[in-house]
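Let's take a friendly walk through a protein structure. Keep the picture at hand as you read.

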Amino acid sequence: MGLQDQNIIADILYFDGKICTLEDSQPWAEAIACKDGKILAFGSVESLNCHIGDHTEKISLSENYLLPGFIEALHSPIYGFFEEYIQLRLYSDWTISRVLKEVDAYVFENPFTDLYFFYGYDPHLHEEISDEEMTLSLDTYATDRPIILLSEDGLSAWMNTCAKDQVELAEKQSGNSPLTFDEVLSIFSPFDKESAKETILEITDDLCRQGYTSVFEGKQPAYFTKTYRQISAEAFGAEEAKQRLCSLSATEALTESIVGDEETEASVGLTPKKVILQRTKEAAQKLNLEKDLGTIAPGKFADFAVFEENPFTFVPKKKNILPDAIITILNGHVVYDSEQEQMEELFSLMSAQQF
């Protein structure tokens, strides 16, 4: 099955595979042609000959299973990333008294911390206490180190006097007054960029091993998303990102639809086939992204996950209801290869042992 123009030459041809399209009209194929990051056609190798030219790269799947790339819609990698750096998670059902009690306890138990960065209080609490009153309360816990409390929506914050003084100094040095909210938060970045890059690379590789090629931003603050994107760009450099990061509007559509499925894979005993459909076709439909994602069809993004074991007949092991992917493909190009990853890990280990 392919586009009407039989003269279009593919950039890449994946062949000799067991390709599950999840398209009812033709659920299986043995080859797939890609052009400019999109799916050009799929079917038998013979049927795709018209799309193969002198410069078409031909890649054998070695009889492995190729599926549409999975869509991670339940757990935002962005929030997962920042969760490692948030010292104290505040919750939206906490009262002001509870927030202050928890902050007090944390600062008391961690007296040598240079910066206190807490997140998650209900922004409506600003209606119950003035910023000046909250600053005075926070000053009783620490006067020589900044304390920053970021609201759940990421649009407001409370600070002690030390933190406010640092903002005022930054405004004077930059000549910009007032600073934007993102600029204020960037002053108190709770992580080291180099370690943050390593964390992002670990997160993306873990997603690759699970077969994910698309992830959604979630409902975390815009500052989190912007920072994650910036550090990701630095981490990957000239390399292609390993997942497609999609917008918040799509996430909202999905959250209402299948948020209840978060625990069902392990606890309810869903079949591998049902999980595959949830992570591909059904997720794309509920996100109104079925024109671009979810199945293998001409015109959609050439995002795929390749498995050595048959994912439909895989026997679940512990929390893994599906086998690990050996390759993930984004925009038609391989962005993750488990064999290459293992060789790089072995090389790093051997290098570290040399003396």
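## Aromatic pairs

In this predicted model, there are nine aromatic pairs. A pair of this kind is described by how far apart the ring centres are and by the angle between the ring planes. Take F70 and Y212: their ring centres are 6.1 Å apart and their planes are at 70 degrees, so this pair is edge-to-face. The cut-off behind that label is an angle over 60 degrees.

Where do the two partners sit? F70 belongs to strand β8 (residues 70-72) and Y212 to strand β13 (residues 212-216), so the pair ties together parts that are 142 residues apart in sequence. Are these residues buried or exposed? F70 is buried, with a relative accessible area of 0%, and Y212 is buried too, at 5%.

F307 is buried, with a relative accessible area of 0%.

## Arginines over rings

Next, look for two arginines. R89 lies over the face of Y91, at 5.0 Å from the ring centre. R244 lies over the face of F301, and its distance from the ring centre is 3.7 Å.

## Helix α2 and its two sides

Now turn to helix α2, which covers residues 96-109. The expected span uses one less than the number of residues.

Which residues of α2 are buried? They are I96, V99, L100, V103, Y106 and V107. Viewed down the helix axis, the buried residues fall within an arc of 130 degrees, so they line one face of α2. On the other side of α2, you will find S97, K101, F108 and E109 exposed.

What do the buried residues of α2 pack against? Their partners are β9 (88-89), β10 (116-121), α3 (131-139) and β11 (147-151).

Key: Residues are numbered from 1 along each chain as its sequence is written. This is a predicted model: local features need pLDDT of at least 70, side-chain atom pairs count only at pLDDT 80 or more; totals for chains, interfaces and linings use all residues. Side-chain values use heavy atoms; hydrogens and water are left out. Rings of Phe, Tyr and Trp (its six-membered ring) pair if their centres lie within 6.5 Å; planes under 30 degrees apart count as stacked, over 60 as edge-to-face and the rest as tilted. Helices (H or I, at least four residues) and strands (E, at least two) are DSSP runs, numbered from the N terminus. Buried means under 20% relative accessible area, exposed over 50%, partly exposed in between (1.4 Å probe, protein chains only). A charge sits over a ring if NZ of Lys or CZ of Arg is within 6 Å of the ring centre and within 35 degrees of the ring normal. The expected span of a helix is 1.5 Å times one less than its number of residues. The arc is that of the directions from the helix axis to the C-beta atoms. Contact means heavy atoms within 4.5 Å.
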